[in-house]
Amino acid sequence: RARSAPIMSAAPAMGAHVSSLARTTSNTRRVAGVAAAGGAFLVNKLRGVSSKRASASAPRSRRSRRALALTTASSTVVVGDIGGTNARLQVWNIVDGAQTLKYENIYGTKGHETFESVISDLYRDAGVDPSDVHSACFAVAGPVANDACAMTNVSWVIDGAKLEKEFKIDSVKVINDFAAVGYGVLDLKPEEMVTLNPGSPDARGPIAVLGPGTGLGEAMLFWNDEAEEHDVIPSEGSHADFAPRGETQSALLAYCERTLGECEIEQVCCGSGIVRIYDFLRERRGAADKPELDPAGVTDAALDGSCPLCVEAVDIFLAILGAEAGNLALKCLASGGVYVAGGIPPRLMKLIGDGGTLLDAYVRKSCRYTNVRSGFPLHIILNDKIGLAGAKVFALRQL
């Protein structure tokens, strides 16, 4: 807490400087440069590292130490993405820097009283030699504190320290599932995403990640000069207020406030949000005779064009998603790119196409900052194992 004051006091100054640049030029590369510097400043402050210390740190950075370890030894890494129904686990072999997937399996939570019993089954099924496992990371759907999570939909407590002791692993980290998505962005291959806006990417620039699914997850990544890599900064931005655009979205806001008492962005930008938009349109268009549908029902009917109301509902959803992606990009100056994850966007690629409504809302050509927005790359993530990829990235950082 003592370190937060300097960050907060510096943020307005940084924002004012960036605003001045944006007003005097449409050259987004200059804004991207400020973004990279600002991101590094924030991360270093969070870590208690001054800019001078970051540039004149120890002789060998965390990344270079890890690279040396990976090229001089072999190791086994265990990673997992843990939900209320299933635990998807992988075992990776790291030899001379090369990463090889040795084993992957999905274990049901119902058949296991504890998470430790899942790891025991994994070791048996994969033929893991416990002495070879030096690092593990588990992404979990729930609140994480001190490398531990008491899961909400299953009676498991996933405790990193306990797992280290029981399985004699040097390092076990437990992270939130959307933080894992953030780290997974760093492991993406070109074929695992679709680029809607190439922008002007900066490899060390801030990165924004959001993903509509059961809910809406959001996170940001900032470059850490000392470690020479991006760090994930969690966010609860999905619980901020919905900012409607135009008459129809304003009426949607009023509908949500009447039926829910409030309207968070998540409540109109996730699976249940699509249904909420559809129900709003049934009322607004006088189509109460239309059937009640679940999220899959709405998106199926939109994809095959069989229900105009569903097509309109999904179009509104995509506009809201694009607007929120653009807003998040502006808030962190995402010159490193904006990545849209979650299970819904890949399913809607037929409607998204080359960008369509989503990209129009993201760039928003009528906005006086449209040149800045256009400089931020926008990608749709297609890899449905992005959480596992992020857990692997974080596990490798512990070697």
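Is Y255 buried or exposed, and what is its relative accessible area? Some notes on that and a few other spots, bearing in mind that this is a predicted model.

1. Y255 is buried, with a relative accessible area of 13%.

2. Y255 belongs to helix α8 and F280 to helix α9, so the pair ties together parts of the chain 25 residues apart in sequence.

3. On aromatics overall, searching the whole structure turns up five pairs. One of them is Y183 with F394, again tilted, at 4.9 Å centre to centre and 50° between the planes. That pair bridges distant parts of the chain: Y183 is in helix α7 (residues 177–184) and F394 in helix α16 (residues 386–396), 211 residues apart. Y183 and F394 are both buried. Elsewhere, F115, F138 and W156 are joined into a cluster by ring pairs.

4. Have a look at E266, in the loop between α8 (246–260) and α9 (271–284). E266 is buried but has no salt bridge. The nearest side chain of opposite charge is R276, and that is 8.1 Å away. Leaving out residues up to four places away in sequence, E266 touches G215, L216, S238 and H239.

5. Helix α11 (residues 308–332) passes a simple length check. Its 25 residues, at 1.5 Å each, should span 36 Å, and the end C-alpha atoms are 37 Å apart, so the two agree. The helix is mostly covered, with 18 of the 25 residues buried. Just after α11, L333 takes a positive phi of about 50°.

6. Now the packing. The largest nonpolar core has 58 residues, and the members touching the most other members are L252, F317, I320, V338, Y362 and L378. The biggest contribution to this core comes from α11, with 13 residues. A second, separate core has 29 residues, among them V232, A341, I381 and F394. F394 is the residue that pairs with Y183 in point 3.

7. Not counting residues up to four places away in sequence, Y362 touches N197, G322, A323, A325, G326, A329, V338, R373, F376, P377 and L378.

Notes:
Residues are numbered from 1 along each chain as its sequence is written. This is a predicted model: local features need pLDDT of at least 70, side-chain atom pairs count only at pLDDT 80 or more; totals for chains, interfaces and linings use all residues. Side-chain values use heavy atoms; hydrogens and water are left out. Helices (H or I, at least four residues) and strands (E, at least two) are DSSP runs, numbered from the N terminus. Buried means under 20% relative accessible area, exposed over 50%, partly exposed in between (1.4 Å probe, protein chains only). Lys and Arg count as positive and Asp and Glu as negative; His and the chain ends are not counted. A salt bridge is a side-chain nitrogen of Lys or Arg within 4 Å of a carboxyl oxygen of Asp or Glu. Contact means heavy atoms within 4.5 Å. The expected span of a helix is 1.5 Å times one less than its number of residues. A nonpolar core is a set of buried Ala, Val, Leu, Ile, Met, Phe, Trp, Tyr and Cys residues joined through side-chain atoms within 4.5 Å. Rings of Phe, Tyr and Trp (its six-membered ring) pair if their centres lie within 6.5 Å; planes under 30 degrees apart count as stacked, over 60 as edge-to-face and the rest as tilted.
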